[in-house]
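Here is a short briefing on one chain.

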Amino acid sequence: LEVRARGELGNHDTSALSVAGLKGYLSAISADSVNFVNANLIAKDRGITLTHSSTTDLKEWKAELMLKATSKNHEYIIGGSIINGELRVLRLNDYALDLPISGNLLVMEYTDRPGMVGKYGSILGEHHVNIARMEVSRVDGQGNALVILTLDDPVEDSVLKQIEEAVNPRRIASISLCA
């Protein structure tokens with residue numbers, strides 16, 4: 001796991017942020033009770049290394065924190081910042097975003113083609129689930145799209161299954177977050 005702090009964060013000791021990132025990562029993949037005290041020990045026992053770096057070089061925002069998890073077969077990256085007092089995800093893997101982190105999210109990655117928004121929008125509408133915000137990103141202007149919908153209500157499993165059948169996404173997840 002690699003943690004990078006950029007911008008104003010680069011002026012400070014970011015080791016606590018790195019341990020917090022490690023704790024969050026391990027909590028998502030481990031049945032063990034992970035806390036700030038035992039996170040490094042659990043990581044060591046699992047063969048997970050933690051690296052962190054800091055730089056003041058950043059043009060777009062005041063500060064940015066990026067976490068990169070690398071395994072034998074995959075690499076996952078998430079980066080974010082606080083903009084106007086609001087926590088935002090600005091990067092998810094190769095996709096550029098500007099996503100406030102709160103509420104009920106529906107996340108999909110699928111092969112982009114005409115009519116996709118209509119398909120999942122109609123299914124959500126039929127089940128009275130309102131889309132409050134929509135974030136769409138494509139890496140190269142074609143190919144795959146990452147869509148993150150902020151919804152007024154969580155998506156029930158049966159509705160998620162309908163969307164999955166209609167869209168045939170590479171990845172789909174329904175996530176409920178606290179505001």
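Along the sequence, the chain of this predicted model reads β-α-α-β-β-β-β-β-β-α-β-β-α-β. That comes to four helices and ten strands, taken as DSSP runs numbered from the N terminus (helices H or I, at least four residues; strands E, at least two). Local features need pLDDT of at least 70 and side-chain atom pairs pLDDT 80 or more, while totals for chains, interfaces and linings use all residues. Residues are numbered from 1 along each chain as its sequence is written, and side-chain values use heavy atoms, without hydrogens and water.

**Whole chain**
- The C-alpha atoms fill a box of roughly 50 × 40 × 30 Å along the principal axes.
- Of the 179 residues, 35% are buried (under 20% relative accessible area; exposed is over 50%, partly exposed in between; 1.4 Å probe, protein chains only).
- Among contacts (heavy atoms within 4.5 Å) between residues at least 6 apart in sequence, 57% join residues at least 24 apart.

- Strands β5 (residues 86–92) and β6 (residues 95–100) run antiparallel, joined by four bridges; pairing requires at least two DSSP bridges.
- L92 has Y95 in β6 as its bridge partner.
- Two residues separate the strands of this hairpin.

**Two asparagines with positive phi**
- N93 lies in the loop between β5 and β6, with phi near 55°.
- N93 is partly exposed, at a relative accessible area of 22%.
- N84 sits in the loop between β4 (75–83) and β5, with phi near 50°.
- N84 is exposed, at a relative accessible area of 80%.
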